[in-house]
Amino acid sequence: MTKTISLTGMRSFVAVCETGGVRAAADQIGRTPSAVSMTLKQLEDDIGAPLFESERKGALSPVGRIVLDEARAMIAHYDRACLAMTSYAADLQGRCDVASVPSVAVTLLPRAIAQLRAEGSSFDIHVRDSDSSAIVEAVENGMVEVGLCVLASKRPQLSFEPLFQEPLDFVCPVDHPLATSKRPLKWRSLKARASSAMARPKHSGLPRPRRLPPARNSPRPM
């Protein structure tokens, strides 16, 4: 049988981690320090392992780090679900949390939201920008409903709909040996130079780079 873990305990644990101590966490969530300490002890008993390396609560144990990530996701999902249910019951506007890569968040997403507004949609849209791997994780954890990103590999628990394709361009200084190539670049052409290029220290005064035309067979799905 799955053991029930207190949401209050999770909130107290996250507050201690984010504020750095029991007393500060107690002030934040409106409880006494002794009550927070007792709640943390009960949470550790329920989970079956210590969440901190010591009684000072200064460093998380390996189990504590996992619990912190899961607790944050669970609290976010719970709060969003409560808001959705109470808003629906009160006939108020709903809410949609969206995570997007920055390039889409500042170009395509504003127009899409404007179109929804023009069509009469009144639900509240909250947008956060992040990288693709973090967005996929946020959708999986229930922290957002919709993600706009590059999906490197299909996830059976997620529904993925390609929206468009974009080229992957190679950018280099004008005097780079590969810049004189008249043919589309192949990955094998870059492989031999990748290690030395990544190891070379950054410095100022580089020649102005130019953008090469993208190869025809190099689109990636979005």
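Welcome to this chain, which folds into eight helices and seven strands. Please keep in mind that the model is predicted.

Let us begin with the chain as a whole. Of its 222 residues, 26% are buried. Its accessible surface amounts to about 15500 Å², and carbon and sulfur atoms account for 56% of that area. If you take the contacts between residues at least 6 apart in sequence, 61% of them join residues at least 24 apart.

Now for a pair of rings. The chain has one aromatic pair. F13 and F52 form this pair, with 5.6 Å from centre to centre and 70° between the planes. Planes over 60 degrees apart count as edge-to-face, and the pair of F13 and F52 is edge-to-face. F13 belongs to helix α1, while F52 sits in the loop between α3 and α4, so the pair ties together parts that are 39 residues apart in sequence. Are these two residues buried or exposed? Both F13 and F52 are buried.

Here is where the elements around this pair lie in the sequence:

| Element | Residues |
|---|---|
| α1 | residues 7-19 |
| α3 | residues 33-47 |
| α4 | residues 62-89 |

Helix α4 deserves a visit of its own. With 28 residues, α4 reaches 41 Å from its first C-alpha to its last, close to the 40 Å expected at 1.5 Å a residue. Which residues of α4 are buried? They are G64, V67, L68, A71, A73, I75, R80 and S87. The cover over the buried residues of α4 includes α1, α3 and strand β1, residues 95-100.

Key: Residues are numbered from 1 along each chain as its sequence is written. This is a predicted model: local features need pLDDT of at least 70, side-chain atom pairs count only at pLDDT 80 or more; totals for chains, interfaces and linings use all residues. Side-chain values use heavy atoms; hydrogens and water are left out. Rings of Phe, Tyr and Trp (its six-membered ring) pair if their centres lie within 6.5 Å; planes under 30 degrees apart count as stacked, over 60 as edge-to-face and the rest as tilted. Helices (H or I, at least four residues) and strands (E, at least two) are DSSP runs, numbered from the N terminus. Buried means under 20% relative accessible area, exposed over 50%, partly exposed in between (1.4 Å probe, protein chains only). The expected span of a helix is 1.5 Å times one less than its number of residues. Contact means heavy atoms within 4.5 Å. Accessible areas come from the Shrake-Rupley method with a 1.4 Å probe; for residues, only the protein chains shown count as cover.
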